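Colleague: I would like to go through this model and hear the grounds for each label. Please set the values against the cut-offs.

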Amino acid sequence: MLNIEIDNGSGFCFGVTTAIQKAEEELSKGNRLYCLGDIVHNGMECERLRAMGLITINHDDLRELHDVKVLLRAHGEPPETYELARRNHIEIIDATCPVVLKLQKRIKKQYDDNYKSQTSNLKPQIVIFGKKGHAEVLGLVGQTHSNAIVIENVDEVTKLDFTRDIYLYSQTTKSLDEFHRIIEYIQQHISPEATFQSFDTICRSVANRMPNISQFATRHDLILFVCGRKSSNGKVLYNECLRVNPNSHLIEGPDEIDRQWLADINTVGICGATSTPKWLMEQCRDAIVRME
């Protein structure tokens with residue numbers, strides 16, 4: 001009989017949990033509620049909430065809405081979204097993660113203090129280590145009127161102008177190790193006349209999962225990483241599982257489990273991203289039990 005363990009450290013982070021609770025509370029009142037973008041990067045959880053009445057919209061849809069309630073998910077939004085909502089008399093239910101909200105305010109202050117007030121051609125560079133086009137990153141860049149520079153990895157650091165001041169921030173769910181490599185590269189190349197400051201804005205509830213999930217993955221013969229394929233955080237954590245345990249598979253749900261993976265093994269570890277609900281990992285466990 002297989003030993004199956006679900007990782008206690010996996011599952012929704014605080015920000016996602018709060019956003020879903022706010023949606024459920026509003027829907028339980030029988031009110032119509034829109035959500036700007038998928039509330040979480042997990043298709044099955046989005047489908048569960050859709051069945052409760054949550055309507056997912058995009059920014060084009062938002063422009064056409066008036067006098068309704070719209071939930072902003074944990075990723076956050078740029079200032080333009082709030083201004084549009086004000087003009088269209090839309091009631092915002094703001095579920096922006098407190099960690100993301102604090103980061104938005106820091107970047108806005110940096111922009112107001114060190115960029116907007118600078119009149120010379122050598123304006124400082126506000127740099128964000130993050131995924132281009134990611135909802136959180138769009139919200140962060142919006143604090144700078146799109147003047148921030150986004151770099152996705154250490155290889156893109158070379159695009160920066162090392163003769164100008166650099167203020168480096170990070171998307172909250174990025175790799176801490178790569179962030180430190182970017183800092184090291186900039187420190188080695190920055191001009192003596194330029195200022196460089198870095199701000200560790202990576203969420204520890206996410207960053208701390210990396211060593212924990214690494215240890216979890218080494219304890220089992222097979223790892224099933226349950227995650228929506230759009231999850232940025234999920235890709236980072238899954239790659240760590242794969243690094244320490246080559247017998248790791250990313251699946252979105254129980255239907256993707258291959259019975260052949262269970263041959264000649266004794267233990268299965270089930271884990272997931274900050275966007276993976278516990279109930280979905282439990283469904284995967286139950287599916288394995290039925291296969292035995």
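Modeller: Leaving aside neighbours within four places in sequence, N88 is in contact with L62, R63, L65, H66 and D67. The model is predicted, and N88 sits in the loop between helix 4 (79-87) and strand 5 (91-94).

Colleague: What makes N88 count as buried?

Modeller: The relative accessible area of N88 is 7%. Buried means under 20%, so N88 is called buried.

Colleague: How do you know whether E64 is buried or exposed?

Modeller: E64 lies in helix 3 (residues 59-64). Its relative accessibility is 63%, and exposed means over 50%. E64 therefore counts as exposed.

Colleague: How far is E64 from D286 in sequence and in space?

Modeller: E64 and D286 are 222 residues apart in sequence, and their C-alpha atoms are 44 Å apart in space.

Colleague: Why is E292 called partly exposed?

Modeller: E292 is in the segment after helix 11. Its relative accessibility comes to 47%. Partly exposed covers the range between the buried limit of 20% and the exposed limit of 50%, so E292 is put in that class.

Colleague: What does E292 touch, not counting residues up to four places away in sequence?

Modeller: E292 touches M1, L2 and I4. E292 and M1 are 291 residues apart in sequence, but 7.5 Å apart in space, C-alpha to C-alpha.

Colleague: Where do helix 2 and helix 11 stand relative to each other, and what is the handedness of their crossing?

Modeller: The axes of helix 2 (residues 43-52) and helix 11 (residues 278-291) come within 9 Å and cross at roughly 115°. The crossing is right-handed.

Colleague: Which residues make that contact?

Modeller: Helix 2 supplies M44, E45 and R48, and helix 11 supplies W279, L280 and Q283. By class, the contact of helix 2 with helix 11 has 3 nonpolar, 1 polar and 2 charged residues. Asp, Glu, Lys and Arg count as charged, so E45 and R48 are the charged residues in this contact.

Colleague: What makes a space a cavity and not a pocket?

Modeller: In a cavity a 1.4 Å probe fits but cannot get out, whereas a pocket is an open set. The largest cavity is lined by 23 residues, of which C13, V16, H75, T173 and T274 lie nearest its centre. Helix 1 (14-28), helix 5 (98-114), helix 8 (204-207) and helix 10 (232-244) are the elements that give two or more residues to this lining. The lining divides into 10 nonpolar, 12 polar and 1 charged.

Colleague: And what is the volume of the largest pocket, and which residues are closest to its centre?

Modeller: The largest pocket has a volume of about 280 Å³. It is lined by 13 residues, and S175, E178, K235, V236 and N239 are the closest to its centre. Helix 7 (176-189) and helix 10 are the elements that give two or more residues to the lining. Helix 10 gives the most, with 6 residues.

Colleague: How does the lining of the largest pocket divide by class?

Modeller: The lining of the largest pocket has 2 nonpolar, 3 polar and 8 charged residues. Glu and Lys count as charged, so E178 and K235 belong to the charged class.

Methods: Residues numbered from 1 in each chain as written. Predicted model: local features only at pLDDT ≥ 70, side-chain atom pairs only at ≥ 80, totals over all residues. Heavy atoms only, no water. 1 Å grid on protein atoms, 1.4 Å probe; cavity = no way out; pocket = protein on both sides within 12 Å on 5 of 7 lines; lining within 4 Å. Helix = DSSP H or I, 4+ residues; strand = E, 2+ residues; numbered from the N terminus. Points joined across faces, edges and corners; volume = space filled by probe spheres on them. Buried < 20%, exposed > 50% of the residue type's maximum accessible area, 1.4 Å probe, protein only. Axes fitted to C-alpha atoms, helices over the stretch in contact; angles between N-to-C directions. Left-handed = near helix turned anticlockwise from the far one by under 90°. Contact = heavy atoms within 4.5 Å.
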